[in-house]
Structures are given as structure tokens and as C-alpha cells.
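This briefing is intended to be read alongside the sequence and the model. It treats selected residues by topic.

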Amino acid sequence: MRRGDGGGRAYGGEPGAERAVFPSPADATTPHVTAATTASSTVTPATVPPTTVALDRPEARLPLSTGSKAANLARAAGAGLPVLPGFVIPHGGAEDAYALRHAWRELSRDGAEPLVVRSSSPQEDTQESSLAGQFASVLDVRDWTSFRAAVRTVLDSAQRPDGTRAAMAVLVQPMLDARVGGVLFGADPVEGRLDRMLVSAVRGGPDTLVSGEQDGTGYHLTRAGRPLRSGPRQSGDERLLTRAELRRLARLARRTEKVFGGPQDMEFGFDATGRLWLFQARPITAMTARPARGARLLGPGPVAETLPGTLQPLEEDLWVAPMARGLRDALDIGGSAPRRLLRTHPVVTTVAGRAAADLRLLGVTPPRHRLLARLNPLPGARRLGAAWRTGRLTRALPDLALDLTADIDRRLAGTPAPDALSRSELSDLLRWTRAALAALHAQEALAGALLRETGTRTAASAALTALAAGRARARTDAEIVADAPVVLALTPPSLTRPLVLPPPSPGTGPGPGGGPSPDGRSTREESGHVALPPRESLRLRVRWVHQLQTRLVEEAAHRLALSLDTVAQLRWPEMLASLEGGPLPADVGRRRPRPDGPPLPDAFRLADDTVVVAERARGSEAPARGVSGGRAAGTAWDGRGEPPEDAVLVVRTLDPALAPLLPRLTALVAQTGSPLSHLAILAREFGLPAVVGATDAVERFAPGTRLAVDGTSGDIRPDARTREAADR
């Protein structure tokens, strides 16, 4: 068995990994029809297909008999597209060695012309799955003995790891000497654009490209074939495809789309005379989700400082909803955003359980068209209308912040222990905490925007001082929090995870800290020992209210005879109704905690309201390229030994032999590769985040490294847990 040597010989199809030829000819041609096939097949036991069917025959267009690959080529040939001649050995066809040899002799001119023998299964090259590179193809077949062995090799590849066999036909075509070959997408599957085409070309046939051996030169085209951007600059002698050839490819893509009713994934080749040939056409099985026009620009922004982790449903309702309400009020008072948008677009929301802010409403991201923004009179009029409010508010805000913190402190200090509260008192106190958080967030946002705080003291610095003092006295975490609740500024809130204080920073000496205790126990007053600016003082109270809510929810879980993890899956109205005597939701026992997913991109938009699409930086290309959308966090793995449970496979090339590993992976990272290679296509079908072009990835990301991978933006970074471990 010989395969293409990559030196210009190509057939117009994909090579598979070399496989041993072990079944007997009788075994290799034994009909096998799956349940899915028999449900819709037009081939019945009473109608046995012939030994061979020419591609130009109508019978070759039946995918359940000749396989999707051959059927697609037969349809393309019937529509006048440039398809090489050939024949198919149908699935379950009658065995006739004489007829088979006759077909081989005609096509190969009695062995004078080499052939390519390819798989053609009804289960590959479909709308649902391409199964790219999963079955065998044998190149450069030159004599009868080699031809029979190649046929057996292709039939053997139908054997699956689970012991079942896929239905399999065999496609036979002449081997073509291609000057240039490659892959042509009638749409851009990586960016999800139907108004763009994507081409990747190499010298010779497309086999080295789709196998991942070569990266290829990439071209982004309009539907008319005009290049938008391409790979590295090339001299006239080195240019792979001329503008005329690119226009011909675009025309082929449009014609093929018309034949099949949608954009196709095609393999092509130009021969030595400049003639263009279509080697394969199949539906694009995995288009990256694309945000709708005008979709909101979101990001963790400043809200991640308060809520950095994955939140459970009740945590969203207790913490995100009041934050969104408070920031909306602050933006309205300051005239920073039109009320129409504030009513229809929440300032803060959650995506996969992580808090995200509307970056444009918050002013974190500048307007897209700065000149138009300057000419727009509405923002100025809005601010003019709010100027009298903010002018007075700026002078009054320090006193307002002091009054609010004093009110919060009095309520916290006067709160009895949660187990001493009745159910109605517990509900009322939880309602108050949500209202208090909205007020604190609103004033904190206004203080940050309107006040110039000259002091350098922050709640975090005061907390570090108090933490160092507590550690020096060998106090436990619970005792340190009771003595100096300012240390809560160092921890994020959580209903389900135990409170653990970080180790003190080196060089931080002991010092005083204090404030009223969130659980009602009195401590030293903040004003006498920890003088904080208004914004920092407000932020600290936000954290104290969070901690009070945590203790109240713990008591509510005890009253409802539920675990904390279960209560955290309730929504706010559900928990409130249950506390006040109503029934628990019927499915409460089946709800499961959200997993701790990967961090959100710095800026992103949503497609279909759920799919995160990272915003690419303008004017520069990332060194790595995302080729399969999605985000994941996991542990780097080099493919050797048993993979970790959340394996991120880090390799040099996208070798098709890695395909069986994909179902066991969390993400895929490669130093080289193309978005059009088989493994990239399969990654998109599996919904597996994949990145190619990650320079020195194997050296940079050693096995065991925790990684966060974004398959849209191409961003690869150490996961937060890796950074924390390195800091310790």
C-alpha cells in the first residue's frame, strides 16, 4: 500500500492512517446495515446493488448505497461541475471479481494510470457529521493486487472501536498530478460568516493540508472571489493562487452551493494545465456562532472585582440583581446612559454563572465611531440635564456615604443571631439585605465617578494589616473575622464554599483593624482605627452584607431541611416562598450545582443568547488562532499515558491519528495547523475549543499546567488556580 508523497501527486481526497489488511475478501464485503440505515434505505434485500456503479450513472447518487462522498460527487458531476471520472463499489454490492477487474482495467488503463481508493460511508460527509479522516483512503494504487488490497483496507476501516461496523462503499478515481490543491469553504466556519469564503492552499494535492502536515496559505475571499487578506507575502514565482484562480474558486463554490442548497466544504486541485477539479464536497458541519448585529459588548470589567467566580442561581439573585439595580440608578443619576437603554439592557448580567457588565453602558469601552459620538448632541444634553443633580451630589456625596454606612453598621450591630429569628423575620432581613446592597452599589459607583479621593488607604490594605496581626497571635480564620471583619475584603462571597483567609503578604506588619461585625457581635469602630475613603468604606459594607446573607441562607437551609448546595440552586422567589410556608419546587432534588467554568473573555458578545464569542482585537492578529469556538479550563496533557479528567491536549501538529482522543478532551492546542484540517473540523463538530498556531505551546504548557483556552479568540492563559499556586 502506498500513500501520496506530498510532492505534487494528489487525488483530490483525504488520506487516512495506514491500516493493516486483515479480513478475508469475503469478510470485507459482507453487507452490514445499521439500524439508522435500514430505517430510510431504498436498498432492500431483494435489490442487491451491482458490483460497480459508474459516477455518471443516476444510481451513484444514492448515499445509502454508494455513500455520501460518492453520491455528492455524482450529483456534482451531473450538474456539470468539474469532477474526475470513476466508479463506486456499493455497500452490500454483489461480488463479481470479473466485473470489478473490468472496471479497474478501464479506469486505470490496465494499470498504466494510478488510482486512489477512498472510503464512502453513508455516515460521513453529512449535515450532522463529516467524520473527517475517520476512514481509510489509499493513494497511488498501480496494479490489480494492490487495488484489491486497497479495497480491503478501506472496508476494514469501517470497523469501529466499539465493535460495530459502519456501512461502507468504496470510491475509485484516477490519481491526479496537482500543481496546487487545497480546501475551499463556501462560508467562513471559523468566524461564522456566510458572506466570506475561506481557502487554504498547498503545493500538490490537498492531502498534506487536511492531514495537518502543512499549514497552507490562507485566503479570505468575498463571494465574488476578491481577496480580503491572505497569508505571508509571496513573490510572483512563489504565489500559489493567482487572482484569476481565486475568482474561479469562488465561482466553483457558488455553483456547488446552488447544487447542494448550502455552502460546502470542498477539496480542489489545479492540474499542470491550469484546469480546476473538484475532489470532494460535503456540507459545512460546524459553523461558529456569530453574534447578531448590534449585540451588546460584555465583559467581566469592574464587576469581577466583587464577584470573580462562578455563581449559583441564588447567588445571582442575592448579589448580581442588587448590583445591576444600583449601577442602573447611578448611571441614571449621572446622565451617563439614556434611560431607554437602562430600562431594556441590564447593566450587569450573568453568563454561564459569571458576572458580566455592559462595557459600553459603564463607559469602559469607547464608542465604536468616536467622531459620530462627538457630533451626537444627545449625550451632552443628557449630561446638561443631570449637571445640576451631580453638582450638588458631588458636594453631598461624602455625607450621604457616611450616613449610609452608619445606617448599615447600626443594622448589622443590632441584628440578632440567625437562629433566634422567626421565619418571617428571616425573610424580612433577607429582603433588607438586597435593598441595602442596591443602595451601597449605587453610592459606590457615584463615589468612584464623582469624588477625587486623595487618600491611599484601601479596605484591602487595612485587611492585610489586620490579617497579619491575627496570624501573629495564632488566631484561627473564624477568630480573625470576628475580631476584625475588615479582613473579609480579601475574600469573595460564596454561599457554598467555606470561608478561607489567604496567607498574609510578606512584610505586612500587625496593625489595628476593625468595624462592626456582620453577625451582630460588636468590635472596635472603624472610624477610630481604619479611616477609609467613602468609596472604600462603601465597598467594605457590601462585603459585610454578603457575609450576613451567607449566614442567613445557612439558617434558611437548616429550616428547610436542605443542604447548602441544594438551597443555592433555588431562585430568590422560590426560597422566599418556601420560607414563608410554601412548597419547595418539585424538581429541587434534581438540580445540580453549576461547574466552575472558564473565565469570561475581557470583551465578548453573545450569539443565540448563550454562546460566548470573544471580541477580537482590531488592527493586529493574535499569534495563536482559534479554530473551534467555545471556552474551557483544564489540565495540559501531552497525549501520553492516561489523560487527566479535564485534559487539554497540547501537541505540535493536528495529526488525524489523534481523532479518537477528542471525546475525552476538554480543549485542544496545537503549535501548527489549519482551521481546515480534519482535526479542526472534528473539534468543531464535537464543540471542543481548539487553538492552532500557539508558538512553542509544547514547551510553554508542560503536562499538568492548568490552562484556560478560548477557541474563538485563540487566547491561552494559565488558569486562575495555576496563578494562585505560583504565587504561594
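**Selected residues in the predicted model**

Arg109 is located in the loop that runs between helix H4 (97-108) and strand S4 (115-120); helices (H or I, at least four residues) and strands (E, at least two) are DSSP runs numbered from the N terminus. The model is predicted, so local features need pLDDT of at least 70 and side-chain atom pairs count only at pLDDT 80 or more, whereas totals for chains, interfaces and linings use all residues. Residues are numbered from 1 along each chain as its sequence is written, and side-chain values use heavy atoms, with hydrogens and water left out.

**Positive phi in loops**

- Most residues other than glycine have a negative phi.
- Arg109, which is not a glycine, has a positive phi near 55°.
- Because its relative accessibility is 55%, Arg109 counts as exposed (over 50%; buried is under 20% and partly exposed in between, with a 1.4 Å probe and protein chains only).
- Ala352 lies in the loop between strand S14 (348-351) and strand S15 (354-358).
- The phi of Ala352 is positive, at about 55°, although Ala352 is not a glycine.
- Ala352 counts as exposed because its relative accessibility is 59%.

- Arg255 belongs to helix H7 (residues 243-260).
- With 29% relative accessibility, Arg255 counts as partly exposed.
- Neighbours within four places in sequence aside, Arg255 is in contact with Ala79, Gly80 and Leu81 (contact means heavy atoms within 4.5 Å).
- Ala79 and Arg255 are 176 residues apart in sequence, and their C-alpha atoms are 9.0 Å apart in space.
- A polar atom of the Arg255 side chain lies 3.2 Å from the backbone oxygen of Gly80.

Definitions and conventions: Polar contact = N/O pair within 3.5 Å; in protein donor to acceptor, adjacent residues only side chain to side chain.
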